[in-house]
Amino acid sequence: ASAMLSQFFILSSRGDTIAFRDYRGDVVKGTAEIFYRKATSWKGNQAPPVFNVEGIHFIHINRNGLYFVCTTKFNVSPTFVLEILGRLSGLFKDYCGVLNEESIRLNFTLIYELLDEVLDAGYPQILSTEALKSHVHNDPVVVTETVAQKESGPFRKQKSP
């Protein structure tokens with residue numbers, strides 16, 4: 001077994017679960033909470049990319065304030081899993097236009113479709129944006145930095161009284 005992953009999840013900087021997929025059902029419930037508590041307990045919230053809690057390996061990267069996390073009970077190559085996480089975050093950015101909590105929430109269906117193509121029962125499959133195009137059928141809701149700023153920022157148009 002090259003890299004059997006038990007779970008993949010994305011958490012916000014507040015610890016909210018944005019996406020979660022359990023591939024094997026072999027680790028305890030509540031791993032996202034366990035991860036977040038442990039990850040934020042390190043000085044300056046600087047958790048090492050790989051740590052173990054009660055026999056579960058947590059391997060993660062942080063991109064744009066989002067935690068991309070895999071769990072496994074198997075002895076996998078941490079470097080390989082970090083590469084998978086990096087590629088997944090890159091895929092989500094390629095498909096959604098921007099990588100942030102809003103774009104992932106808006107593209108929930110697409111994110112899960114990508115996960116199903118990329119990780120089959122916890123085994124990595126296709127990890128290139130180009131190769132996935134023929135397999136992915138949902139169209140992205142593209143979120144651009146400027147649209148997000150206009151909708152929530154100081155540039156929102158005010159109706160005059």
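Reader: Let's start with H57. Which side chain does the side chain of H57 make a polar contact with?
Author: That would be the side chain of N52, at 3.1 Å. Keep in mind this is a predicted model.

Reader: What else does H57 touch, skipping residues up to four places away in sequence?
Author: Besides N52, the list has F51, C70, T71, T72, K73 and F74.

Reader: OK, so what's the pairing between β4 and β5?
Author: Antiparallel, over seven bridges. One example is I59, whose bridge partner in β5 is C70. The two strands form a hairpin with two residues between them, and N64 in the turn has a positive phi of about 50°.

Reader: How many residues of β5 are buried?
Author: Seven of the seven, so β5 is largely enclosed by the rest of the structure. Both faces are covered: L66, F68, C70 and T72 are buried on one side, and Y67, V69 and T71 on the other.

Reader: What about β1 and β5, how do they pair?
Author: Antiparallel again, here over five bridges. I10 stands opposite F68 in β5. Leaving out neighbours within four places in sequence, the contacts of I10 include F68, L66, Y67, F92 and I104.

Reader: Switching to the cores. Which residues touch the most other members in the largest nonpolar core?
Author: F8, I10, F68, L88 and F92, out of 30 residues in that core. The elements that give two or more residues to this core are β1, β2, β4, β5, α2 and α4.

Reader: Which one gives the most?
Author: α2 does, with eight residues. There is also a second, separate core of 14 residues, with V27, A39, F51 and V53 among them.

Reader: Last one, S89. Which helix is S89 in?
Author: S89 is in α2, which covers residues 78-96.

Reader: Why does S89 count as buried?
Author: Because its relative accessibility is 4%, and the cut-off for buried is under 20%. Not counting residues up to four places away in sequence, S89 touches I61, R63, F68 and L99.

Notes:
Residues numbered from 1 in each chain as written. Predicted model: local features only at pLDDT ≥ 70, side-chain atom pairs only at ≥ 80, totals over all residues. Heavy atoms only, no water. Helix = DSSP H or I, 4+ residues; strand = E, 2+ residues; numbered from the N terminus. Buried < 20%, exposed > 50% of the residue type's maximum accessible area, 1.4 Å probe, protein only. Contact = heavy atoms within 4.5 Å. Core = buried A, V, L, I, M, F, W, Y, C linked by side-chain atoms within 4.5 Å. Polar contact = N/O pair within 3.5 Å; in protein donor to acceptor, adjacent residues only side chain to side chain. Pairing = 2+ DSSP bridges.
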